[in-house]
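Please have the sequence and the model open.

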Amino acid sequence: MATSVGRNSGSTATPTKATFSYWLKGQDSGAQQGIWGWHRGNDASNYWLGIYYSSNGSMYFNWKQSGLSVTLGTTQKFRDPAAWGHHVLAIDTTLGTAADRVKWYINGERVTSFEDSLDTISQNTTILNWSNAQDKMEIGTWYQNSSAHNLSNHSISHFHMIDGLAYDASAFGSTDSTTGEWTINTGPSVTYGNEGGFWFKDDAALTDRSGAGNNFTLDGGTLIAIEDCPSNIFASWNPLISNTGANFKNSNYRVYRTSAGNYRRIGCTIGATSGKYYAEYSLDADQWGGVCLTNGGDLERTQAGSNGYMGEYSADKSVGIRQDGIVYSHGANVSSAQWNQGTISGSDRLCLALDLDNKKCFLGKNGTWSSSSNPATNTGGISLLGDSYTFAAATSNGNCIINTGNGNFADGNTANLISSEGTNASGIGKFEYDVPSGFTALCTKGLNE
């Protein structure tokens with residue numbers, strides 16, 4: 001079931017100006033997906049407004065109401081599963097220049113080139129899309145011609161709607177003077193209007209944080225709160241790596257296959273050459289967790305979805321542990337020396353510590369490190385032969401879910417939250433068990449620890 005939230009219009013507002021600002025993380029799926037929109041329940045064939053993915057990976061703004069039709073399709077393609085992007089759509093029909101009546105900003109830059117463009121906005125046109133009791137705003141769904149198009153496998157943060165005023169991107173973000181990257185303004189000074197609101201401020205609450213009281217209700221699915229946000233990106237599975245037969249859900253923290261076959265391997269979106277990082281896994285039967293090389297060595301065999309379990313080949317310098325407790329390292333079975341904790345059931349958590357300063361990885365279960373190893377003191381563990389690593393998995397027929405600090409083991413539409421948060425001296429991310437001293441989450445802030 002797709003996850004979406006919605007609320008019906010509470011007024012008969014007919015403004016000439018409006019603004020939508022939000023941060024979005026995810027990628028196109030090759031199918032039309034609605035991101036957000038307004039539609040009229042009793043006349044959805046003539047009244048809608050919103051943004052959606054097209055089947056070719058671009059994004060479209062589409063607005064229709066009596067006598068008006070607007071289509072803007074970006075030339076950009078949105079295929080990066082790791083990056084948060086900031087989108088601002090500003091409508092001001094009072095402007096004299098027709099091309100300025102709808103402005104679209106992506107990461108602070110105004111979009112001026114479109115693969116598809118149709119504009120019939122007359123000056124001073126009123127916006128009728130939230131002027132009727134049947135009008136409904138939804139996030140995670142967009143309607144066109146009475147047909148719903150749902151969003152899947154995405155994260156949304158800091159969603160602002162402004163009713164009656166048009167703001168440009170600078171109200172919601174700015175360019176970092178050091179990195180040159182577009183960064184979030186977590187507390188913009190804006191006026192929201194009667195139908196406006198501020199939702200998903202660093203959580204999954206349906207509460208309107210603008211003070212206007214325009215709260216959402218859950219229309220379908222399950223909202224899952226994660227630590228990943230525009231100011232701190234956590235490692236997740238990377239679906240851009242060819243992985244035939246693999247499927248991804250929950251913002252790419254869950255990878256699964258629905259039919260048995262050869263193992264297909266996958267790595268995360270962030271790798272490192274130094275530092276100490278910790279992650280937790282939930283494994284179904286016959287699934288592997290581990291670490292893999294991210295550059296050099298046999299990159300294709302390690303990451304490009306080839307057959308083979310983790311650690312099977314000496315050339316790819318990977319390490320893996322299967323759900324039944326079998327451990328392979330650089331082509332050798334090292335189970336007897338590295339694992340003494342039996343099988344890993346669905347309710348267990350595989351603990352994995354990646355020490356790139358000492359070139360080792362450590363395996364544990366439910367907070368206890370295996371075979372007298374101790375990552376905090378660099379005792380025991382498995383030596384790594386490469387330079388740059390990330391967390392990895394191999395899946396045959398089932399699920400491998402990773403928590404790199406997001407604080408849950410989301411499975412399908414179920415938010416399997418950590419039950420009792422462990423200690424974490426770095427303060428970055430949330431885990432079920434204690435993070436070893438000196439280790440942190442594999443994320444953009446963790447890389448700078």
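S329 stands opposite A332, a residue of strand 26. The model is predicted, with pLDDT of at least 70 required for local features and 80 or more for side-chain atom pairs, while totals for chains, interfaces and linings use all residues. Residues are numbered from 1 along each chain as its sequence is written, and side-chain values use heavy atoms, with hydrogens and water left out.

Strand 25 covers residues 327–329 and pairs with strand 26 in the antiparallel sense, over 2 bridges. Strands here are DSSP runs of E with at least two residues, numbered from the N terminus, and two of them pair if DSSP finds at least two bridges between them. Strands of a sheet pair through backbone hydrogen bonds, in either a parallel or an antiparallel way.

Both strands belong to an open sheet of 6 strands, in the order 21-31-23-24-25-26, with antiparallel pairing. Its edges are strand 21 (264–267) and strand 26 (332–333), each of which pairs on one side only.

The loop between strand 25 and strand 26 holds H330. Phi of H330 is near 50°, a positive value in a residue other than glycine. Most residues other than glycine have a negative phi. H330 counts as buried because its relative accessibility is 12%; buried means under 20% relative accessible area, exposed over 50% and partly exposed in between, with a 1.4 Å probe and protein chains only.

A further positive phi, near 70°, occurs at N252, also a residue other than glycine. N252 is in the loop between strand 19 (247–249) and strand 20 (254–256). With 2% relative accessibility, N252 counts as buried.

Terms used. Helix = DSSP H or I, 4+ residues; strand = E, 2+ residues; numbered from the N terminus.
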